[in-house]
Amino acid sequence: MDISENYAKQLQEMHDRHKIGFGVEPPLKLIETIQNNSVTSILDYGCGEGNMLNKIQQLFPNIELYGYDPGVERFSTIPSKTDLVYSVDVLEHFEPEFIDDGIKKILNIADIQYHNIACHPAKKLLPDGRNCHLIVQPPDWWLAMIKSTIDDKWKITYTNVYNTFKKKRQGTHFEIIMVKK
Ligand SMILES: C[S@@+](CC[C@H](N)C(=O)[O-])C[C@H]1O[C@@H](n2cnc3c(N)ncnc32)[C@H](O)[C@@H]1O
């Protein structure tokens, strides 16, 4: 289990009210990862409204693209296998008690993984009043947590920490790429 029924309903409510999930521009490192590997299929995990997925499809028209998001009916099914899985601004939205199982589930889908994780509180709140980022932890915490979840078949090939500034608010992001040998 990687999401509770109550939380999935809250996400659906947020999406129905168009309050979440509109990212468009794929991170440069994700584009490079797609370009540098013989990728024929991709899953956008936590794809929101699918805007980034559409942009990637435009950039790579021959790649088969799938999106999954528990808050969006049209993206409610997950393919069992793809060449690459990515998530952008998603893992910090997991309920803390389900993050281990969630990461294990994601790792089973593809041998190439790109994840971009926000390490700061969100501006938005869930309908129940909690901050939308249910996990607010620094990059080192995420790295240690991911390392404790993967086995020695996985190699972490890239990590990066960068800051963003939106309306004078600073945010920290952690990027990680993993490849299964
Ligand atoms: C900030 S939005 C990012 C959406 C999209 N990746 C983007 O960059 O625009 C976070 C997304 O994570 C989804 N999400 C939250 N918890 C999730 C979970 N446990 N599994 C998968 N997706 C989840 C939400 O429904 C929401 O669409």
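User: How many nonpolar, polar and charged residues does the shell around the ligand have, by class?
Analyst: This is a predicted model, in which local features need pLDDT of at least 70 and side-chain atom pairs count only at pLDDT 80 or more, while totals for chains, interfaces and linings use all residues. Residues are numbered from 1 along each chain as its sequence is written. The ligand is surrounded by 20 residues (C-beta atom, placed from the backbone, within 6 Å of it), and Gly21, Gly23, Gly46, Gly48 and Gly71 are the closest. With Ala, Val, Leu, Ile, Met, Phe, Trp, Tyr, Cys and Pro taken as nonpolar, Asp, Glu, Lys and Arg as charged, and the others, Gly among them, as polar, the shell has 10 nonpolar, seven polar and three charged residues.

User: In what order do the six strands form the open sheet?
Analyst: Strands are DSSP runs of E with at least two residues, helices are runs of H or I with at least four, and both are numbered from the N terminus. Two strands pair if DSSP finds at least two bridges between them. The pairing in this open sheet is mixed, and its order is 2-1-3-4-6-5.

User: Which strands stand at the edges of the sheet?
Analyst: The open sheet runs 2-1-3-4-6-5. Each edge strand has a single partner, so one side is left without a neighbour in the sheet; these are strand 2 (64–68) and strand 5.

User: Over how many bridges do strand 5 and strand 6 pair?
Analyst: The bridge partner of valine 161 in strand 6 is phenylalanine 174, and that of tryptophan 154 is lysine 180. Strand 6 (residues 169–180) is also joined to strand 4 by seven bridges, running antiparallel, with alanine 118 bridged to histidine 173. Strand 5 and strand 6 pair in the antiparallel sense, and their bridges number 12.

User: Is aspartate 89 buried or exposed?
Analyst: Aspartate 89 lies in the loop between strand 3 and helix 4 and has a positive phi near 60 degrees. Because 21 other C-beta atoms lie within 10 Å, aspartate 89 is buried.

User: Which residues is tyrosine 158 in contact with, leaving aside its neighbours within four places in sequence?
Analyst: Tyrosine 158 sits in strand 5 (residues 154–166) and is partly exposed, because it has 13 C-beta neighbours inside 10 Å. Its C-alpha atom is separated by 23 Å from that of valine 24, 134 residues apart along the chain. With contact taken as C-beta atoms, placed from the backbone, within 7 Å, its partners are Lys29, Ile176 and Ile177.

User: At about what angle to strand 6 does helix 5 run?
Analyst: Helix 5 (residues 139–149) lies across strand 4 (112–118), strand 5 and strand 6. Axes are lines fitted to C-alpha atoms, for helices over the stretch in contact, and angles run from 0 to 180 degrees between N-to-C directions. Helix 5 runs to strand 6 at about 20 degrees.

Notes:
Buried ≥ 20, exposed ≤ 12 C-beta atoms within 10 Å, placed from the backbone. Contact = placed C-beta atoms within 7 Å.
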